[in-house]
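Q: Could you walk me through this structure, one piece at a time?
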Amino acid sequence: VESCEPFLIRQLQSLRPRLILAMGKFAAQTLLATDERISNLRGRFQEYKGIPVMPTFHPAYLLRNSSQKRVVWEDLQKVHQALGLPHLPAETKNPS
C-alpha cells in the first residue's frame with residue numbers, strides 16, 4: 001500500500017475530487033491511516049490530504065448483512081448533501 005500512495009496522490013492532484021467515498025474497511029483504514037473499525041469510522045466525514053472522506057461499508061458486506069443497508073443509505077445522503085446534489089428519495093422497502 002505504501003508503494004502505491006505516491007501514485008494515488010498524483011491521481012488525486014490531477015482529478016481534484018470534492019470528496020472520497022471510502023467503501024469498506026481496507027479503503028477507509030488505509031486512507032485514514034488508522035486501525036479503527038469501519039463500524040466506528042462510518043457516517044462521519046474524515047480527511048485525507050485535505051479531501052473529505054466518507055467511510056462506509058463495502059457493498060459485499062451489505063450482501064451478507066442487509067440490515068446495514070439503512071446506515072449506508074444515510075452515509076450516501078450525507079455525501080449528496082456535502083456535494084450540494086438533490087436530496088435522495090426515501091429508502092424503498094427493498095433497496096437493491
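A: Let me start with a term: buried means under 20% relative accessible area, exposed means over 50%, and partly exposed lies in between, with a 1.4 Å probe and protein chains only. Helices (H or I, at least four residues) and strands (E, at least two) are DSSP runs, numbered from the N terminus. This is a predicted model, where local features need pLDDT of at least 70, side-chain atom pairs count only at pLDDT 80 or more, and totals for chains, interfaces and linings use all residues. Residues are numbered from 1 along each chain as its sequence is written, and side-chain values use heavy atoms, with hydrogens and water left out.

Q: OK, so is strand β3 mostly covered or uncovered?
A: Strand β3, residues 51-56, is mostly covered, with five of its six residues buried.

Q: And how many bridges join β1 to β3?
A: Strands pair if DSSP finds at least two bridges between them, and four bridges join β1 (residues 20-23) to β3, the two running parallel. Among the partners, Met 23 is bridged to Thr 56 in β3.

Q: What about β2 and β3, do they run parallel or antiparallel?
A: Strand β2 (residues 46-48) runs antiparallel to β3, joined by three bridges, and Gln 46 stands opposite Val 53. The two strands form a hairpin with two residues between them, and Lys 49 in that turn has a positive phi of about 55 degrees.

Q: Switching topic, which residues are buried in helix α2?
A: In α2, residues 25-32, the buried ones are Ala 28, Gln 29, Leu 31 and Leu 32. After α2 comes Ala 33, with a positive phi near 50 degrees.
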